[in-house]
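Please look over the sequence and the model below before reading on. The paragraphs that follow move through pairs of helices, the division into domains and a few individual residues.

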Amino acid sequence: MKIAILPGDGIGPEIMKQAVKVLNVLGERFELETADVGGAGYAGHGHPLPASTLALARAADAVLFGAVGDYKYDSLERSLRPEQAILGLRKELALFANLRPAILYPELAGASTLKPEVVSGLDILIIRELTGDIYFGKPRGVRECPDGPFKGEREGFDTMRYAESEIRRIAHVAFQAAQKRDRRVTSVDKANVLETFQFWRDIVTDVHKEYPDIELDHMYVDNAAMQLVRAPKKFDVLVTGNMFGDILSDCAAMLTGSIGMLPSASLDANNKGLYEPSHGSAPDIAGKGIANPLATILSAAMMLRFSLGRPEQAERIETAVKAVLAQGLRTADIYEPGTTRVGTDEMGDAVVKALA
Ligand code: NAD
């Protein structure tokens, strides 16, 4: 099994080192190959997604990605900025389904900004469509406004659109994921205002006919945002479009106390995937040895489950993470008085020890 290891920038290399340590003690014969991406790709090869890195990602069975981005690249033209690497990989590998579990381990209930009774034991899965919607719709741009009260002024515009097959395939991902969980799907839309999302609702309802064992409900995105902070535990699987999913998944991330705990998977139609922590490159703490590596380690667990057919190894890692939390070990982002503060390396070592 060949795994492309793309550490990236900022804390990326520090957290990736921990995930690699974990993969190396599982007793599997993985072939791990590392390549530059993001700012490191630009610095070494003149492009955030060098051709050699893309070729490796294509050839591998799965991609484990750290994080990209650094303020020092902010003045580059958009196509050369580090963040283009992740957009390029999603597009080139046709990764249309983004899975983000938001799990709050009972030991971390106090780390959330919400009351412990609201979030303790939270276990929801947000599925975001990743390659369509207003982020990719055309036409888009800035033009002279052709009509209406602002005629003749400059205006910015984007196009929200979803093809039927795009909605069908993400709906299937959601219903099938729910079959492995609590068998409930909430489809989030804005059908009361947007044609695109009335269409979304109609198609999701149609696909649901193939899954009589799953309970489906529909919710407007504004209500979903409210319910996520009011009573998040009532959700099981939440499926939505690219833009709503972008916003809601970050909101759900904070329910769990720290973005440093949250893994994610982006899958293609054959379950080949790119796995990465939900956070960015955190330049503010890069090089200090204090970043939380657990989101990356848990991303490696998702990779074993979804792309590499090793669910038992995924479970071993998840159990080891629970064990180190139960021992009271905490990186700075999840530290509370009465627990033991550890650095990035120590946290990685503790997971390795718990695995043994
Ligand atoms: P960020 O997620 O990097 O950081 C937000 C905050 O969370 C910071 O205070 C950071 O210190 C903290 N944080 C993040 N990960 C952490 C971890 N593992 N342990 C402890 N604390 C952690 O978001 P940002 O600051 O908005 O962006 C920084 C850079 O990352 C930007 O260049 C941005 O474009 C990029 N970015 C990349 C990705 C990606 O690679 N997929 C995603 C989001 C942002």
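The axes of H10 and helix H11 (residues 311-326) come within 7 Å of each other and cross at roughly 160°, where axes are lines fitted to C-alpha atoms, for helices over the stretch in contact, and angles run from 0 to 180 degrees between N-to-C directions. H10 and H11 are therefore roughly antiparallel, given that angles under 35 degrees count as roughly parallel, over 145 as roughly antiparallel, 65 to 115 as roughly perpendicular and the rest as oblique. Their crossing is left-handed, a term used if the near helix is turned anticlockwise from the far one by less than a right angle, with right-handed used if it is turned clockwise. On the H10 side, Leu294, Ile297, Leu298, Ala301, Leu304 and Arg305 meet Pro311, Gln313, Ala314, Glu315, Ile317, Glu318, Val321 and Leu325 of H11, contact meaning heavy atoms within 4.5 Å. By class, this contact of H10 with H11 has 10 nonpolar, 1 polar and 3 charged residues; Ala, Val, Leu, Ile, Met, Phe, Trp, Tyr, Cys and Pro count as nonpolar, Asp, Glu, Lys and Arg as charged, and the others, Gly among them, as polar. Helices (H or I, at least four residues) and strands (E, at least two) are DSSP runs, numbered from the N terminus.

This is a predicted model, in which local features need pLDDT of at least 70 and side-chain atom pairs count only at pLDDT 80 or more, while totals for chains, interfaces and linings use all residues. Residues are numbered from 1 along each chain as its sequence is written, and side-chain values use heavy atoms, with hydrogens and water left out.

Leading up to H10 is the loop between strand E12 (273-277) and helix H10 (294-306), in which His279 is found. His279 is buried because its relative accessible area is 10%, buried meaning under 20%, exposed over 50% and partly exposed in between (1.4 Å probe, protein chains only). Leaving aside neighbours within four places in sequence, His279 is in contact with Ile11, Ile15, Ala67, Ile259, Gly260, Asn292 and Ala295. The loop between E12 and H10 also holds Ala282, which has a positive phi of about 40° although it is not a glycine.

The chain as a whole is divided into domain 1 (1-96 + 268-356) and domain 2 (97-262), with bounds that come from an automatic or database domain assignment. Taken over C-alpha atoms, the centres of domain 1 and domain 2 are separated by 24 Å, and 20 residues of domain 1 are in contact with 22 residues of domain 2.

With 23% relative accessibility, Thr131 counts as partly exposed. Its contacts, apart from neighbours within four places in sequence, are Arg90, Leu95, Phe96, Phe136, Glu166, Arg169 and Asn242. Of these, Arg90 is 41 residues away from Thr131 along the chain, yet the two C-alpha atoms are separated by 7.4 Å. Asp133 lies in this loop between E5 and E6 as well; at 0% relative accessibility, Asp133 counts as buried, and Asp133 has a positive phi of about 75° although it is not a glycine. Pro139 also has its place in the loop between E5 and E6, and a cis peptide bond with omega of about 5° joins Lys138 and Pro139. Most residues other than glycine have a negative phi, and most peptide bonds are trans.

The axes of helix H6 (residues 164-179) and helix H7 (residues 195-208), by contrast, come within 9 Å and cross at roughly 50°, so H6 and H7 are oblique to each other.
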